[in-house]
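User: I would like to learn how to read a protein model. Could we go through one feature at a time?

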Amino acid sequence: MDRELDDRKIRILNAIIQTYLDTGEPVGSRTISRFSDLKLSSATIRNEMSDLEEMGYIFSPHTSAGRIPTDKGYRFYVDGLMKSRTDEVVKQNEIMVRKVDQLEQVLKQVVRLLAANTNYASMITSPHNMRNRLKFIQLSRVDARQILAVMMLDGSIVKHRVLNIEEDIPNEDIVKLNLLMNTFLQGRTLQEINMELIGQLKRQAEPHTKTVSDLLDLVIEVIQEEDDTEIYTSGTTNLLKYPELGDREKTEKLLSTLEEKQGLEKLIGSGSEESDDKESGGIQVYIGSETPVQTMQDCSVVTATYELEEGVQGTIGIIGPKRMDYKKVVSNLENAMNQLDVIFKNNKVAGDDDKGEDESPGP
């Protein structure tokens with residue numbers, strides 16, 4: 001804030017500018033005292049307006065008592081708006097990052113308990129959005145030639161990307177670009193980011209059109225991403241307890257698949273496609289060759305799909321020998337899904353409070 005303005009002057013200046021933006025007419029002290037929450041007398045407001053005029057924030061276009069903003073006044077007002085908006089976005093991002101961290105801890109706890117309770121291997125994926133929408137973007141300088149873009153999608157999914165740029169953009173311009181990107185892109189799906197909107201955004205971003213174009217490419221890339229789902233596994237060594245899985249070469253490949261998570265996306269995709277099966281209650285069972293992952297075809301795999309919110313889903317799975325205790329496995333999966341549902345519905349991970357940090361969900 002400008003040091004020469006105290007809080008009362010700032011509130012009066014903002015009231016003048018907001019009123020002038022609404023009416024287009026010079027604003028007098030009586031109008032300000034009547035239509036604002038300042039609770040000051042007209043005489044006090046006149047004195048403050050006189051000071052603001054001397055400071056160059058407002059002026060009188062003619063002999064009437066009304067005032068309108070100067071360029072300096074507009075600049076102060078707009079900078080204040082942008083700072084407020086940026087502070088809000090930063091705060092939202094900090095909250096979302098904290099929630100994502102909490103969600104990750106819950107998922108890791110669930111997968112550990114599933115492995116311990118069943119004596120098989122288990123896996124769980126982070127939720128991914130079936131209809132990705134950008135909720136907001138936060139830009140900040142890393143150095144003279146790099147910008148950090150933090151993007152949050154529906155489902156509290158946060159992505160970080162560093163963009164290399166070809167120009168040295170001042171900090172104040174980064175703030176403006178941040179406001180501009182959010183104004184045009186906030187709440188939009190990929191389909192809604194059309195050529196007309198992109199053209200308008202680039203025109204208003206001049207002279208930083210190239211940087212904005214690169215940022216747009218980054219946003220589109222993040223929205224389109226489907227391969228970046230985190231997969232957590234536990235209990236892989238439990239599979240060594242079963243003689244029928246004792247073939248050394250096959251077991252090494254199976255453990256490698258589970259530990260390196262390579263190929264598990266086939267299982268995730270397969271489970272998601274069939275998750276609407278009403279009769280199975282969302283539980284899918286793959287026995288031997290039915291399993292879409294080649295290294296698991298000596299095993300049975302049971303999966304379920306949990307839902308964070310509408311369109312935001314993840315997969316839970318248990319891998320074991322074909323002679324696994326199917327009743328126990330299905331029961332543990334159902335319990336895990338119920339626990340996740342309770343946490344999500346009560347907003348303890350995905351919502352606005354932080355009371356779920358110490359929760360220990362288990363099947």
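**Reading the model**

Analyst: The protein has 10 helices and 11 strands. Keep in mind that this is a predicted model.

User: What is the mean pLDDT of the protein, and where is confidence lowest and highest?

Analyst: The general idea comes first. Where pLDDT is low, the predicted coordinates should not be read in detail. Here the mean pLDDT is 78, and 77% of the residues reach 70 or more. Strand 3 (residues 121-125) has the highest confidence, at 91, whereas helix 9 (residues 264-273) has the lowest, at a mean of 58.

User: Over which residues does pLDDT stay under 50?

Analyst: One stretch is residues 270-281, for which the model has 15 contacts beyond four places in sequence. Another is residues 348-363, with 37 such contacts.

User: How much of the protein is buried?

Analyst: Of its 363 residues, 47% count as buried. The accessible surface comes to about 19,000 Å², and 45% of that belongs to carbon and sulfur atoms. As for contacts with a separation of 6 or more, 61% are between residues 24 or more positions apart.

User: How many aromatic pairs are there, and how do I describe one?

Analyst: A pair of aromatic rings is described by the distance of the centres and the angle of the planes. A search of the whole structure finds two pairs. In one of them, the ring centres of Tyr57 and Phe76 are 5.8 Å apart and the planes are at 75°. Planes over 60 degrees apart count as edge-to-face, so this pair is edge-to-face.

User: Where do Tyr57 and Phe76 sit in the chain?

Analyst: Tyr57 is in the loop between helix 3 (42-55) and strand 1 (58-59), and Phe76 is in helix 4 (residues 71-118). The two are 19 residues apart, and the pair links distant parts of the chain. Tyr57 is buried, with a relative accessible area of 1%. Phe76 is buried too, at 12%.

User: What are the distance and angle for Tyr120 and Tyr242?

Analyst: Their ring centres are 5.7 Å apart and their planes are at 40°, so this pair is tilted. Tyr120 lies in the loop between helix 4 and strand 3, and Tyr242 in the loop between strand 8 (231-234) and helix 8 (248-260), 122 residues away. Tyr120 is buried, at 7% relative accessibility, and Tyr242 is buried at 12%.

User: Which charged end sits over the ring of Tyr57?

Analyst: That of Lys72, 4.5 Å from the ring centre.

User: Which residues touch the most other members of the largest nonpolar core?

Analyst: In soluble globular proteins, nonpolar side chains tend to be buried together. In this model the largest nonpolar core has 36 residues, and those touching the most other members are Ile124, Met296, Ile316, Ile319, Leu333 and Leu340. Elements that each supply at least two residues include strand 9 (283-287), strand 10 (299-309), strand 11 (312-321) and helix 10 (326-345). Helix 4 gives the most, with six residues. Apart from this core lies another, of 29 residues, among them Ile147 and Leu177.

User: What is Met296 in contact with, leaving aside its neighbours within four places in sequence?

Analyst: Its contacts include Leu254, Leu258, Val301 and Ile319.

User: Is Thr305 buried or exposed?

Analyst: Thr305, in strand 10, is buried, with a relative accessible area of 13%. Thr305 and Leu333 are 28 residues apart in sequence and 9.6 Å apart in space, C-alpha to C-alpha.

Definitions and conventions: Residues numbered from 1 in each chain as written. Predicted model: local features only at pLDDT ≥ 70, side-chain atom pairs only at ≥ 80, totals over all residues. Heavy atoms only, no water. pLDDT = per-residue confidence, 0-100. Helix = DSSP H or I, 4+ residues; strand = E, 2+ residues; numbered from the N terminus. Contact = heavy atoms within 4.5 Å. Phe/Tyr/Trp six-rings, centres within 6.5 Å; stacked < 30°, edge-to-face > 60°. Buried < 20%, exposed > 50% of the residue type's maximum accessible area, 1.4 Å probe, protein only. Lys NZ or Arg CZ within 6 Å of the ring centre and 35° of its normal. Core = buried A, V, L, I, M, F, W, Y, C linked by side-chain atoms within 4.5 Å. Areas by Shrake-Rupley, 256 points an atom, 1.4 Å probe, with all protein chains shown as cover.
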